[in-house]
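Welcome, and take your time with the view below. We will walk through it part by part, looking at how the pieces touch one another.

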Amino acid sequence: MAALFAQLEPLLAQVQKPVQYVGGEVNSQLRDFDAAEVRWALFFPDAYEVGQPNQGMAILYELLNGCSSAPVSAAGPDVADDWLLAERTFTIWPDLAELMRENGILQFSWESHRPVRDFDVLGVSLSTELGYTNLLETLDLAGIPLRSESRTEADPLVIAGGHAVFNPEPVADFLDAVVLGDGEEAVLRISGLIRDHKRECGMATPGSRERLLGRLAESGLAYVPAFYDVCYLPDGRIESVRPNRPGVPGRVAKHVLLELDQWRYPVRPIVPLAETVHERYSVEIFRGCTRGCRFCQAGMVTRPVRERGIQTIGTMVADGLAATGLAEVGLLSLSSADHTEIAEITGQLADRYTGTNVSLSLPSTRVDAFNIDLANELSRNGRRSGLTFAPEGGTDRMRRVINKMVSEDDLIRTVEAAFSQGWRQVKLYFMCGLPTETDEDVLGIADLAFRVIEAGRRAANSRDVRCTISIGGFVPKPHTSFQWAAQADAETVNRRVRALKDKVRADRRFGRAITVRYAEGEPGMVEGLLSRGDRRVGKVIENVWRGGGHFDGWREHFSYQRWLDAATAAGIDLDWYTIRERTQGEVLPWDHLDVGLDRAWLWQDWVDARDGSEVDDCRWAGCYDCGVCPDLGVATQIGPTKRALLPLAVAGPAGAANGV
Amino acid sequence: MQQPPPAQRIRLRYFKQGPARFASQQDFARAFERALRRAHTPMAYSSGFSPHPRISYSNSVPTGVASRAEYLEIALARPIDPELARAELNRVLPRGFQIMAAVEADGGALAESLTHSLWGIELGVAGLAEATAVFLAADEVIVRRMGKSGVREFNVRETVVALEAESGAALLRAVTGPGKIVARPSDVLAGLCAVSPALAIPGVPLATRLAQGSWVDGQVHDLFGPSESLG
């Protein structure tokens with residue numbers, strides 16, 4: 001083990017959960033650093049326990065380390081060789097960070113415990129806005145200047161990707177480049193470009209860094225914020241965002257990966273020694289979603305839908321279990337019940353794994369009887385404890401606004417079916433603070449829950465049925481139909497949720513069968529500021545971090561007051577960024593970033609939302625011209641493939657399958 | 001779900017060293033269960049809705065302490081060659097964990113055979129031999145330990161059966177025996193500091209459990225291995 005570990009080891013004995021920092025986990029890759037030409041430190045700006053299970057990190061880690069997804073890769077993508085490697089790094093908890101600063105130890109990589117500064121690229125996975133302060137914390141501990149403009153040829157390139165970077169403007173000053181969309185092909189092509197640049201110009205010569213960023217921007221592979229000037233109107237709105245050097249595109253498009261069957265990652269994910277938030281092997285069964293929920297950024301920025309076939313999924317599950325020894329499999333996507341062959345996938349996997357100690361899970365929240373059939377399949381021998389559905393809105397009117405096409409009667413029929421088939425608890429997800437929402441819409445959630453319990457008791461012929469209502473505060477997100485909407489202020493969200501809780505509690509017939517879970521509205525205001533903020537908001541993030549703020553996604557570390565004070569000090573009006581409705585003509589901070597959606601279509605969808613007009617899924621109701629496929633030159637890729645799982649390969653030497 | 005009784009039990013002695021010493025007992029247990037699945041070890045499972053592989057752990061070292069004498073017992077659904085099981089597990093265990101020996105269990109409870117531990121603590125500080133003498137001469141040495149339910153005070157002297165500073169004071173060897181609260185290496189160091197306030201111990205010294213078993217004729221007889229005597 002290199003350099004820093006010897007210095008670090010005595011400190012580890014003095015901190016909480018030291019095992020998270022030691023690396024060397026099963027399937028981690030310690031490769032020859034000096035032999036490689038392009039070295040990535042993949043960074044997730046949260047604690048190890050949150051970042052390590054991240055699917056995006058796992059995919060890029062295997063891809064950059066040349067892990068074969070055989071047999072496809074040999075003939076498929078240009079998979080990396082010895083010239084490329086990746087190690088990992090995560091935000092370090094304050095107890096160890098303080099000791100490291102005292103002892104002059106820099107942020108390290110998890111594999112070789114080498115300073116992150118020594119790598120060519122710091123690849124940042126930004127999946128949530130509340131990780132921005134951790135980005136600054138880790139840059140600082142790494143000895144990398146916070147601002148892109150202060151970095152030199154001696155510093156790694158700081159390149160970010162992930163869902164939060166569809167509006168990277170609040171962190172634009174801290175990033176050198178931003179990759180929009182699917183990262184698989186993008187990281188390989190960017191790596192190739194960096195390798196070529198290093199060979200041709202070296203990295204140390206003055207000006208080399210800017211020339212490399214120029215090549216990245218001109219190629220369209222990445223968005224380089226420094227090459228765009230933002231001008232503001234006297235009233236504070238943006239006047240324009242324009243390139244400030246020739247050859248740089250006016251708009252930067254997201255990357256879309258096609259043919260997911262050709263990209264079987266991850267197949268050998270790292271098995272953490274420390275406990276993490278997810279302890280399962282996950283297969284992404286498809287990417288993208290066209291359900292058209294108007295609040296959902298993920299559904300809007302990941303279009304079109306691209307499925308993996310049943311055979312690929314079956315092989316990935318078998319290989320993933322063999323490589324990790326995990327006992328739980330998650331079939332992930334944005335709405336897993338929507339896979340064209342989901343019944344075959346769940347049925348055949350259940351045939352294969354029922355009676356072994358492998359459990360399968362399908363995180364689907366679709367409100368229909370089919371979803372219960374799938375859940376029944378996956379719990380053949382197990383206990384039918386709880387099912388989760390996401391109506392998201394409390395009344396039919398509210399659900400039409402958000403385009404969640406499910407009626408109250410649908411929901412009641414669905415829960416009746418669940419309770420009559422042995423399920424004893426349903427969890428219902430809702431949002432509060434949606435556009436056009438009134439107090440009555442939120443109180444309607446209680447009425448819905450009462451009907452659920454009433455129908456459930458009848459269907460189960462038992463009083464032992466429970467319903468948990470989980471309420472999240474709605475935050476308008478860039479590139480969605482609600483990107484123009486006024487966010488509800490924290491007081492309104494808190495008042496409505498408390499009124500709902502009181503109404504549930506006061507009901508003598510059903511109140512005790514219902515649990516209401518909710519989060520306070522204040523963190524949502526900060527998330528709102530960071531979601532739709534512009535470059536001026538960067539100063540607020542920096543102020544918060546300088547004032548001791550980080551790990552903002554953790555309730556015990558989040559301080560609303562610190563954010564308010566930081567905004568005041570930066571001259572930023574929180575309300576202007578959050579509760580202000582935008583007009584059609586306003587230049588939005590992310591308008592120069594192209595996810596393929598036609599802006600006129602998106603505006604019309606916002607108009608339709610307020611009229612309560614619904615739009616059906618293009619997979620079965622025909623194209624409604626959202627613009628993504630023609631704009632990006634892509635198409636929906638779905639089955640059915642009409643195939644079945646491939647037979648399993650023979651198990652290992654000590655015996656047959658790991659059955660009971 | 002009712003499961004048949006195990007066909008065989010195997011006892012394993014394993015090492016935990018290097019960075020792996022920072023794994024807690026729970027961390028190791030998760031890693032070990034996954035290793036059993038990767039190695040296709042034919043485990044016996046508990047009955048009930050969520051069957052667990054039947055593994056008995058005993059007297060695990062505290063997090064941060066290394067060990068060359070950890071023991072556990074696994075129950076199997078069908079008999080296998082213990083040596084084969086050992087080889088397969090060593091192929092798949094995470095770095096720092098290694099199965100050193102595997103034998104078929106005789107039926108007794110593992111914990112009953114593991115009453116005493118020999119610890120080595122790497123120190124190299126002045127005044128260690130003197131402090132050790134004072135410690136051994138005392139009837140009672142009260143130390144405090146931070147636990148889940150707050151700070152506890154207890155007599156560390158009670159469970160320290162033997163204590164010796166190696167010549168040059170590079171290594172402190174301690175034997176702990178049964179008691180209400182069994183002393184850990186950190187408690188022994190705290191006890192030394194309590195009886196000899198001049199003793200300056202830097203940071204958290206590396207401690208290793210060197211042997212575990214019974215206490216016979218002034219020696220810890222390791223359950224599997226050759227006994228490692230004091231001095």
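**A walk through the contacts**

The domain assignment gives domain 1 (5-253), domain 2 (280-382 + 616-648) and domain 3 (385-596) of chain A. The C-alpha centres of domain 1 and domain 2 of chain A are 30 Å apart, and their contact involves 9 residues from domain 1 of chain A and 12 residues from domain 2 of chain A. Between domain 1 and domain 2 of chain A, about 790 Å² is buried, with carbon and sulfur atoms giving 42% of that area. Gln55(A), His163(A) and Asp182(A) supply 51% of what domain 1 of chain A buries against domain 2 of chain A, more than any other three residues.

Sorted by class, the side of domain 1 of chain A that touches domain 2 of chain A has 4 nonpolar, 3 polar and 2 charged residues.

How confident is the prediction for chain A? The average pLDDT of chain A is 94, and 96% of the residues score at least 70. Two stretches call for some care. Over residues 70-78 of chain A pLDDT stays under 50, and the model has 10 contacts beyond four places in sequence for them. Over residues 652-660 of chain A pLDDT also stays under 50, and there the model has 24 such contacts.

Now let us step across to the other chain. The contact between the chains takes 37 residues from chain A and 25 residues from chain B. About 2800 Å² is buried between chain A and chain B, and carbon and sulfur atoms give 61% of it. The rule finds 4 salt bridges across this interface. Glu279(A) forms a salt bridge with Arg34(B), where the closest N and O atoms are 2.3 Å apart. On the side of chain A that touches chain B, helix H1 (5-12) and helix H10 (310-324) of chain A each supply at least two residues. By class, this side of chain A has 21 nonpolar, 12 polar and 4 charged residues.

The area buried between the domains of chain B is about 1400 Å², of which carbon and sulfur atoms give 59%. Arg13(B), Arg68(B) and Tyr71(B) supply 33% of the area that domain 1 of chain B buries against domain 2 of chain B, more than any other three residues. Arg13(B) also forms a salt bridge with Asp222(B), with the closest N and O atoms 3.1 Å apart.

Methods
Residues are numbered from 1 along each chain as its sequence is written. Chains are lettered from A and ligands numbered from 1 in the order in which they are written. This is a predicted model: local features need pLDDT of at least 70, side-chain atom pairs count only at pLDDT 80 or more; totals for chains, interfaces and linings use all residues. Side-chain values use heavy atoms; hydrogens and water are left out. Buried area is the accessible area (1.4 Å probe) that two parts lose on being put together, summed over both. A salt bridge is a side-chain nitrogen of Lys or Arg within 4 Å of a carboxyl oxygen of Asp or Glu. pLDDT is the predictor's confidence in each residue, from 0 to 100. Contact means heavy atoms within 4.5 Å. Helices (H or I, at least four residues) and strands (E, at least two) are DSSP runs, numbered from the N terminus. Ala, Val, Leu, Ile, Met, Phe, Trp, Tyr, Cys and Pro count as nonpolar, Asp, Glu, Lys and Arg as charged, and the others, Gly among them, as polar. Domain bounds come from an automatic or database domain assignment.
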